[in-house]
Amino acid sequence: MKTLLKNVILDGCSTSILIESGIISRIAPGITIPDAEIFDGCSQLAVLPPFYNAHNHAAMTLLRGYAEDLELFDWLSNHIWPVEAKLSAEDIYIGTKLAALEMIRSGTVYFNDSYWHPEAALQAVQESGMRATLGLLYLGNISPDARQANEKLIEAAQNAENVTVSHTPHAIYTVDKNTLKKIAAMMENDGRPVHIHVAETEKEVNDCLKEHHATPVEYLDSLGLINERAMLAHCVHLTDRDREIIAGRGAYIAHNPVSNMKLCSGLFDFEAARKAGCKIAIGTDGTSSNNNLSMLEEMKIAALTAKTVTHDPKAGKTGDIFHAATAVGAEFAGVDAGKIAEGKAADMILVNLTHPLMSSGYDLIADMVYASAPEVIDSVICNGKFLMKNRFIAWEDETVARAKEVCRKIASWR
């Protein structure tokens, strides 16, 4: 299948982009291809890389606003985990489909997920056309039920397009040492990535120092879990040695500034991690600890917290933040994207330059980081296919209606 984007703005100039078999095959003004699907940007739509959400619990869209103004461990143990235990696979499917809708509308084409019933999330991902990494779950030890659920995901994902599978132990305080060692051994055998919450709170760090005489990063490194396939979520409380380990192992950090602030986990030092050579991606976390899945908002808060932490207005530069939200996440996902260029994967967003928020035109990346909102995203393309075209998504109304039904059921459990 061929798609020709005509009269779109790239690097400030009007051009055409030819997409063939999910790849950007040619960029030049005035391309004509008789058998291609034509999309005319009318010289009003700018082409940019889309967003890759590095840390998410997608189906928590069903719990948006469910438990507010609570400390992390109280929030998890007494509110979130009890209601999650009642969610069915069908509920997870609907919640993930709702999350996909929200992410597409705000320009995201990929998410790195960790949640219950991942085989149900897989169905939602495939129907949406997005990319995703879905997690094999570990809480406590690897029980027979957990092993069966993980095997079910592996089997279901074998022939799934644009979906990879990772090991996702929740955290060092919910997964025991022997299980973490087993996961490290499995990673060596199967080559899968790992996705885990790390150093999110001071309590986690202090408890780890007391029990293991090491920081969470040092502890996980000693078990073989810090490597080039590791996505370490949060990493709010890092030492210089932690950053040195993460950078040296080639691991990724998923920076979640809104969630960190809402749960008062602390402020991640973006500049310290960047200067140490760490690969920093950006994630939204779930909507229970963020309330939306907009990577646009996440970029703005990431930039502002970088400045706040350092007391330096030059920290968190727009280019660094945009790169973290796009190219770094794409690299972890194994997608040759994050830049609009010939030979790259055809993942892109088309931004409406006539929208009031985009009217100045001085610096497009600065506008995306600081000024934009989901409404500026006109169209979204993933792997050469439109997920949203001219703000239209065919399955939106049905998805929202079904999600409302599930939320009414959850409300009845209170």
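At what angle do helix H12 (residues 318–333) and helix H13 (residues 364–371) pack, and how far apart are their axes?

The model is predicted: local features need pLDDT of at least 70, side-chain atom pairs count only at pLDDT 80 or more, and totals for chains, interfaces and linings use all residues. Residues are numbered from 1 along each chain as its sequence is written, and side-chain values use heavy atoms, leaving out hydrogens and water.

**Exercise 1. Describe how H12 packs on H13.**

Step 1. Two packed helices are described by the angle between their axes and the distance between the axes. Axes are lines fitted to C-alpha atoms, for helices over the stretch in contact, and angles run from 0 to 180 degrees between N-to-C directions. Helices (H or I, at least four residues) and strands (E, at least two) are DSSP runs, numbered from the N terminus.

Step 2. The angle is about 70 degrees, and the axes lie 9 Å apart. H12 is therefore roughly perpendicular to H13 (65 to 115 degrees).

Step 3. Find the contact (heavy atoms within 4.5 Å). H12 supplies Thr-318, Gly-319, Ile-321 and Phe-322, while H13 supplies Ile-365, Ala-366, Met-368, Val-369 and Tyr-370.

**Exercise 2. Is Ser-259 buried or exposed, and which side chains does it join by polar contacts?**

Step 1. Ser-259 is in helix H9 (residues 257–262). Its relative accessible area is 0%, so Ser-259 is buried.

Step 2. A polar contact is a pair of N or O atoms within 3.5 Å; within protein, one must be able to donate a hydrogen and the other to accept it, and residues adjacent in sequence count only if both atoms are side-chain atoms.

Step 3. The side chain of Ser-259 makes a polar contact of 2.8 Å with that of Asp-285. A polar contact of 3.1 Å links the side chains of Ser-259 and Ser-289.

How values were computed:
Parallel < 35°, antiparallel > 145°, perpendicular 65-115°, else oblique. Buried < 20%, exposed > 50% of the residue type's maximum accessible area, 1.4 Å probe, protein only.
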